[in-house]
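User: I'd like to talk through this model with you. Could you start with the terms and then take my questions?

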There are 6 protein chains.
Amino acid sequence: MDRFAVVKVSGAVFDLLDRGNEMVRGVAEQLRAARDLGWRVVAVTGGGNVARIYIRAARDLGASEAALDELGILITRANAELLIAALGNLAYPSVPRTLDELLAASASSRDIIVMGGLQPGQSTNAVAALAAESLGAEILVNATDVDGVYTEDPRRNPSATKLEAVRVDELMRILDGSGHRAGTYELLDHVSLRILERSRIPAVVTSYSRILDALRGERVGTRILY
Amino acid sequence: MDRFAVVKVSGAVFDLLDRGNEMVRGVAEQLRAARDLGWRVVAVTGGGNVARIYIRAARDLGASEAALDELGILITRANAELLIAALGNLAYPSVPRTLDELLAASASSRDIIVMGGLQPGQSTNAVAALAAESLGAEILVNATDVDGVYTEDPRRNPSATKLEAVRVDELMRILDGSGHRAGTYELLDHVSLRILERSRIPAVVTSYSRILDALRGERVGTRILY
Amino acid sequence: MDRFAVVKVSGAVFDLLDRGNEMVRGVAEQLRAARDLGWRVVAVTGGGNVARIYIRAARDLGASEAALDELGILITRANAELLIAALGNLAYPSVPRTLDELLAASASSRDIIVMGGLQPGQSTNAVAALAAESLGAEILVNATDVDGVYTEDPRRNPSATKLEAVRVDELMRILDGSGHRAGTYELLDHVSLRILERSRIPAVVTSYSRILDALRGERVGTRILY
Amino acid sequence: MDRFAVVKVSGAVFDLLDRGNEMVRGVAEQLRAARDLGWRVVAVTGGGNVARIYIRAARDLGASEAALDELGILITRANAELLIAALGNLAYPSVPRTLDELLAASASSRDIIVMGGLQPGQSTNAVAALAAESLGAEILVNATDVDGVYTEDPRRNPSATKLEAVRVDELMRILDGSGHRAGTYELLDHVSLRILERSRIPAVVTSYSRILDALRGERVGTRILY
Amino acid sequence: MDRFAVVKVSGAVFDLLDRGNEMVRGVAEQLRAARDLGWRVVAVTGGGNVARIYIRAARDLGASEAALDELGILITRANAELLIAALGNLAYPSVPRTLDELLAASASSRDIIVMGGLQPGQSTNAVAALAAESLGAEILVNATDVDGVYTEDPRRNPSATKLEAVRVDELMRILDGSGHRAGTYELLDHVSLRILERSRIPAVVTSYSRILDALRGERVGTRILY
Amino acid sequence: MDRFAVVKVSGAVFDLLDRGNEMVRGVAEQLRAARDLGWRVVAVTGGGNVARIYIRAARDLGASEAALDELGILITRANAELLIAALGNLAYPSVPRTLDELLAASASSRDIIVMGGLQPGQSTNAVAALAAESLGAEILVNATDVDGVYTEDPRRNPSATKLEAVRVDELMRILDGSGHRAGTYELLDHVSLRILERSRIPAVVTSYSRILDALRGERVGTRILY
């Protein structure tokens, strides 16, 4: 019986303008190692700073928010292609554009599948949650540029403390008030939490460098409780 | 310059098992009249009791929540076909399955466009909000089986009072705690409200019999304020 | 070398309104057992009473017969999703919508593939026959709510006798005069018989409870001779 | 209100190997004239001798009958491209591959739409009948290389007489026994007649040179009665 | 009779990182004005510096050249979305992904159509030439960051002189030796010139600021002769 | 690690009108043998004389060159179906229509994949080169009706001598002046050579009867050097 792990790879990994592609390589290496441990891996890539630049330009030109989402999705797919390149022949070579395509790919190949966003109105966090739900994944790892969930935004308040675990309703409260403009989806938005909650998918928020640790069962980041 | 109106038609209109298709006919008549008033109309159909029966059966058989969403979407599309039948040659004859197909249809025809759901994880309310956003609609009418938003669920508490208008954040608080299982999406869920909010789309919640009144500018149902 | 069996599952199995989903479960169990015997199984699901309710409503609203077929196809796909749910991880998770998608799925996965209708003007019996032809299936089992082909309709004439085998041209004569309105496709229509005939596909008509028996080679139902 | 005419153009018009493209030009001219008379025209092209050559070769190589149909459909689409070329900028420039695409094209453009076959198991006559049904066409003209329906095959029996009109059930009897191998579909097969019958679509069988006459309401060929 | 103009908009217009979106706005204004002059406009957008950054990163990660092309195409489509945003409701709201989709869009709407690349192995110059050929365009304007074709690369050799007109075979000689790595397609590559040549499409190479002038028939840039 | 071989099968193999299908069978046999040697085989089929007949007819009727390409692609796909028939159950049963579909097929099945053309403006030689590039193929065999590259066209000049190897730039010079009308693509056109060159794909031009020899590593035909 297959054990699926879904890994949401934050857009920050693809901040090409600032960091080049070293982080992409690092994530690829961890996913490869996870596969060697027997995991069937699906990765969902976020947008990063290129997405933000495009979205800002398009908003300034008068695009609708739904069109901005569409634009962001294109960039997340470009990021998916980068991760596929880094994975080489371990990656499924085509990027699924619907959940149905994801399911077909997962049924026909044991390669690591990489995808970006799917539809306007849905963050890549929500996509990752839906993918985990569809595949009956044993774990969703949300890999981001902080090492877990803090009581407050640690970049603004240095006294914020990291939580080892957090109840999903508590987490929603923390996120509330974060607004919802295209390209500014927060680390875990309401939709994705609702999806995780309705299917009680084991989920961990951690940093990109700890993906493999999380899949090895080490206690990293913040677990979400239901 | 085109004036678009998006009308979310609640699944209850398609409760074929209880009511036959009289309500479908009634909604079609109002949309036709709205078109005669110069509106370009896009209707989004919900699921109704057939959707609930299928979802219950599939959940009982062990389907994932995402698969249940997929199943619900199929039924909303069957409902869209019913409304198309009732509209006759005023309806665009094909049901868009993505926002992109909706945009292409709206650019190539002035017929009334009818669509159902799009993707798992997204209620038809969210679809309606995204459609309104994409098309730059002047109004979103959420036509349902209550005549507006009440301070509490009027079916449970008879002393609940109808609101003439409600702020979007207030509305979210009212909805909170409603859960989020496939097929039980409430009248206006968080995602759809976030979308309405981010684009400040004028929106009204009213009953199916007052769609035309709402499009004529009469003060019916409950307006959403931003 | 793969041995394909195509099983047409009559819509009556999906008469959710009358029977719940016990029969769906029963069919799934037999298909699973057939797979354990080494068969590669493709199932084609019919419409059932929900399809008939939708078709009646749409006809009453003035839909064309082709649109009624389209509506029926949506419901057969919803039924396919139910059977997929019941099969769990033995089922190919996506429903093919063209013969080409069926062929691609069959070439890329050994899961049980479940599909509904394909195109207006074609019954799901015809789809099953085309699937059998395309895959070079060794047998087509037409599983329905009677236990075989009778000299006359057994529900109308109690003295009708079951045939152990019937020549295809004889069978066409029996079917003649049955009319051809959407949603009322008879158990084996002309098109499907012509397809079976042109490719001489071994076929058996039997009841849902005997699918596995038929695939085990037992003498059940009525064989079609060429 | 639009008046649609569907014209089935027999494959013989595209017998390029024997006749070049003069007949294609002749048909195009008549369709153009029909359009000038106010008809909205949809043409469905058959296979012709190239289709037969391919089908014979593929059958000899061991293809399934369904694959032969698929091959025939490719050639009918090539023929559709020829007719589009002959119609120049009066033709819709893309060939619909599903009924749904036909409906979308017909709703978004007033050009002459040309299509070939759709799916294995369905002759282009059946496609033409479905198209007529979907569009609510006022007439279906079946343009072929004989000038109507004869009491017997006129190529075999010179004493066969042409019928001015024929009842659909009588016509089915005439066709019976014609077999049903891919690429040998007769002028009007069972499926297409059933579709015409279920929707009582006014239909005429006539020769390619009389398409325009038929659309002008002249008494040409053989009318089908219900 | 429609007069189509195809405008290739060089990727440099979308060098967001260096220039923001002022140039996008400027191009949009000219296209709008061209439309007011009666032109039916199709714009094809190039890649720009974001495309180059992605392609460099993916090449470094080991992607195949075909995959790099695919990545570049994604970014050209993101650029198309920017131009659509700038054109507002004068733009066709969906980006064609095949020539067939372009033709369908052009037959069903009079909006300005914007598209990016189509397929690996084909520059956006080639796409523009194919679009012009398919639509029977009266002119192809290749708008780039130099004001025409020079005897040599003017950025390297300041004594290069601009040509008022150039024969297509002469132009090919000038381009020869330019290499052909993904993302480095030169201003007019061999394929696009061959396409222009085979259909003798009137073509002009000029700067972005002179698009409208070229469409007004002014003598700007360099004409290509056949 | 998979070793991919891409085989371009010249259209002449499919000159059904002159030769029947013996050559198709011969090519199939060699591909089968190649598979037994451990190669993962992708075949790309050209057009042949049927393609030329269609293209001539359509050009005469006024089709655009891009439409002629489209027509040629349909015929190459019909040829692909023939080769699939000849390969029987060793062939992937569906013909990829995009590079992305090819990649998905290659990741999900080890069958021999057969495809025709992809898009206007691209010869099937270019498609073969792109396929080889995408898959990281170890060799591209261009199987045609001459046994290699000659100093001049051997059909015109009998004193032309066959080259054992040729540098890619030398080869381009030989091809120059060959024109570029749809359906007359020469044995190896500029685009395909540029693609081979940019990825330095080992390539051999040889006759259809030596495909297997080339894949066995024998010194047949003409090697292309970079």
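Analyst: Helices (H or I, at least four residues) and strands (E, at least two) are DSSP runs, numbered from the N terminus. This is a predicted model, where local features need pLDDT of at least 70, side-chain atom pairs count only at pLDDT 80 or more, and totals for chains, interfaces and linings use all residues. Residues are numbered from 1 along each chain as its sequence is written, while chains are lettered from A and ligands numbered from 1 in the order in which they are written.

User: How much of chain A is buried?

Analyst: A residue is buried if 20 or more other C-beta atoms, placed from the backbone, lie within 10 Å of its own; 12 or fewer makes it exposed, and in between it's partly exposed. By that count, the buried share of the 226 residues in chain A is 63%.

User: Which strands are the edge strands of the sheet in chain C?

Analyst: Two strands pair if DSSP finds at least two bridges between them. The open sheet has 7 strands with mixed pairing, in the order S3-S2-S1-S4-S6-S7-S5 (chain C). The ones that pair on one side only are strand S3 (113–115) and strand S5 (165–167) of chain C.

User: How do S4 and S6 of chain C run?

Analyst: Strand S4 (residues 139–144) and strand S6 (residues 203–207) of chain C are joined by 5 bridges. In chain C, Ala143(C) stands opposite Thr206(C) of S6(C). The two strands run parallel.

User: Which helix gives the largest share of the side of chain C that touches chain D?

Analyst: Residues are in contact if their C-beta atoms, placed from the backbone, lie within 7 Å. Here 24 residues come from chain C and 23 residues from chain D. Helix H4 (65–87), helix H6 (124–135) and helix H8 (190–199) of chain C each supply at least two residues of that side of chain C. The largest share, 7 residues, comes from H8(C).

Methods. Two residues are in contact if their C-beta atoms, placed from the backbone, lie within 7 Å.
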